[in-house]
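Reader: I am new to this structure and would like a close look at its aromatic rings.

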Amino acid sequence: MNYPLQTETKGAMTDIVLELSPRQPTPLLPYELHNTISNDTWETRVRAIIRLASQYSKPQFERVWILIGIIATFIVPIITYSVAIHQLSTDGNHQDEHTWDARFISFGVTIATWLLFFMPVIVWKYLGQVRVRAMVAQWAKEDMKNSVSYTSLPTWKVSTPKIFRDGIILIISVSSISSHFHPDAFLPPYIGPPADSVKLPPYEAGKAMYNSSGQHGGKKFGDIPLFNDEKV
């Protein structure tokens, strides 16, 4: 069972933060959303978020790919520099004349290596974020269309998995005003107590003690007086 990571109130809005994962069951509907969304809709949307976001999260593949890219960043420029300096220098005695040319070629190959290994991952993650945002925006339009009240609708925000991670962060902003009555507000007469009611003093055991024979001549059991029905 997944519980909200945190619930933060900002003014009139409350942010419900949930962490979703394909390796964990669907979390239960938060209490704050009971009046705005059904259980079936909640489960369908959460599963759709997990299914779509997980398509752009492959932690093991990302680790291997990035590791290969880091190794290639060091090895490929060195090999490129050696080959370039050898090809540019037809005579071994004039290699110093082409040193900077070989260095520029090696630097260009380094940039190309970065683009080859790192840019596809960045673009891939960005496309996943765009698709999830489009899906959440479509839900917001449906909620506006199907809303039958003037209450503020929840706002959904999804943070797709980062590199090397598969966790999905779902943030739902809802109105934190659960009642139109303030707890310290003045109550009208038909709700509050009667204005002419007499406030009784608090009970004090010491002042309400009976003597051993009682006020009416009866006996008492501890602090509880026992009366005689004939005398009462």
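What sits over the ring of Trp 100? Please go on from there to the ring pairs.

Author: This is a predicted model, in which local features need pLDDT of at least 70 and side-chain atom pairs count only at pLDDT 80 or more, while totals for chains, interfaces and linings use all residues. Residues are numbered from 1 along each chain as its sequence is written, and side-chain values use heavy atoms, with hydrogens and water left out.

Over the ring of Trp 100 sits the charged end of Arg 103, 4.8 Å from the ring centre. A charge sits over a ring if NZ of Lys or CZ of Arg is within 6 Å of the ring centre and within 35 degrees of the ring normal. Arg 45 lies over the face of Trp 156, at 5.6 Å from the ring centre.

There are 6 aromatic pairs in the structure. Rings of Phe, Tyr and Trp (its six-membered ring) pair if their centres lie within 6.5 Å; planes under 30 degrees apart count as stacked, over 60 as edge-to-face and the rest as tilted. One of the pairs, Tyr 56 with Trp 124, is tilted, with 6.2 Å centre to centre and 45° between the planes. Tyr 56 is buried at 13% relative accessible area, whereas Trp 124 is partly exposed at 23%; buried means under 20%, exposed over 50%, partly exposed in between (1.4 Å probe, protein chains only).

Trp 139 and Trp 156 form an edge-to-face pair, 5.8 Å centre to centre and with 75° between the planes. Trp 139 is buried, with a relative accessible area of 11%, and Trp 156 is buried, also with 11%. Ring pairs join Trp 42, Trp 139 and Trp 156 into a cluster.
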